[in-house]
Structures are given as C-alpha cells and as structure tokens.
Amino acid sequence: MKKSEIKIGCIYSNGRGRARKVVDIGPQYKLYDGQASTENLRYEIIVDGSKSNRTAGQQGNMTLVAFANWAKERQGE
C-alpha cells in the first residue's frame, strides 16, 4: 500500500488476521529520540490474530512507510 493511502480514522489489515486503526499522523510519534523520519503515526490494535500478548485497544507508534508496508488492505470505505 502507498503511504499516501493511509488516512486517520481508517482501519487496515495485514491480510493475516491483524487489524489496526490509525489514530493520528504526525512527527511527535517517533519511536526513539534519534529517529530521522518525521512521517510517523499512532495506531490502535483492533484485532491481533498472532500469538503475541498484544490485545485490542493497545496503541503503538510506527513510521508511515513501515505501516504502509505492513498494511495490505483498508477495511470498509
């Protein structure tokens, strides 16, 4: 998916049972202080079909490029 297709409030899936909702997009969502990328986002887990200990409602940060690579489809329109 292209990073220009990622929109606030939309839910995206990786095609493997995981879904995340984009909460906000902005430079303040860096993963660490020295991170060069200013295109970052905050997401909320909707469904995590993996065996990890992450649950619905948890939030995390990611670069916009990494999220676009992770996302395979937008759910609903």
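1. Start in helix α1. Phenylalanine 67 and tryptophan 70 are three residues apart there, so about one helical turn separates them. Keep in mind that this is a predicted model.

2. How exposed are these two residues? Phenylalanine 67 has 0% relative accessibility, so it counts as buried. Tryptophan 70 is buried too, with a relative accessible area of 13%. The cut-off for buried is under 20%.

3. Now look for aromatic pairs. The whole structure holds three of them. One of them joins tyrosine 12 and phenylalanine 67. The two ring centres are 5.6 Å apart, and the planes stand at 90 degrees. That makes the pair edge-to-face; the label applies to planes over 60 degrees apart.

4. What does this pair tie together? Tyrosine 12 sits in strand β1 (residues 11–13), while phenylalanine 67 belongs to helix α1 (residues 64–70), so the pair links parts that are 55 residues apart in sequence. Tyrosine 12 and phenylalanine 67 are both buried.

5. Phenylalanine 67 also pairs with tryptophan 70. Their ring centres lie 5.4 Å apart, and the planes meet at 40 degrees, so this pair is tilted.

6. Step back to the group. Ring pairs link Tyr12, Tyr43, Phe67 and Trp70 into a cluster. Check each of these four names in the structure above.

7. Next, find arginine 20. Which rings does this residue lie over? One is the ring of tyrosine 43: arginine 20 lies over its face, 4.5 Å from the ring centre. Another is the ring of tryptophan 70, where the charged end of arginine 20 sits 4.3 Å from the centre. Tyrosine 43 and tryptophan 70 both belong to the ring cluster.

8. Turn to a separate topic, glutamine 35. Where is this residue placed? Glutamine 35 is in the loop between β2 (18–25) and β3 (40–48). Is glutamine 35 buried or exposed? Its relative accessible area is 6%, so glutamine 35 is buried.

9. Look at the polar partners of glutamine 35. A polar atom of its side chain lies 2.7 Å from the backbone nitrogen of leucine 31. The side chain of glutamine 35 also makes a polar contact of 2.6 Å with the side chain of asparagine 40.

10. Finally, which residues does glutamine 35 touch, leaving aside those up to four places away in sequence? The answer is Lys30, Asn40 and Thr63. Of these, Asn40 is the polar partner from the previous point.

Key: Residues numbered from 1 in each chain as written. Predicted model: local features only at pLDDT ≥ 70, side-chain atom pairs only at ≥ 80, totals over all residues. Heavy atoms only, no water. Phe/Tyr/Trp six-rings, centres within 6.5 Å; stacked < 30°, edge-to-face > 60°. Helix = DSSP H or I, 4+ residues; strand = E, 2+ residues; numbered from the N terminus. Buried < 20%, exposed > 50% of the residue type's maximum accessible area, 1.4 Å probe, protein only. Lys NZ or Arg CZ within 6 Å of the ring centre and 35° of its normal. Polar contact = N/O pair within 3.5 Å; in protein donor to acceptor, adjacent residues only side chain to side chain. Contact = heavy atoms within 4.5 Å.
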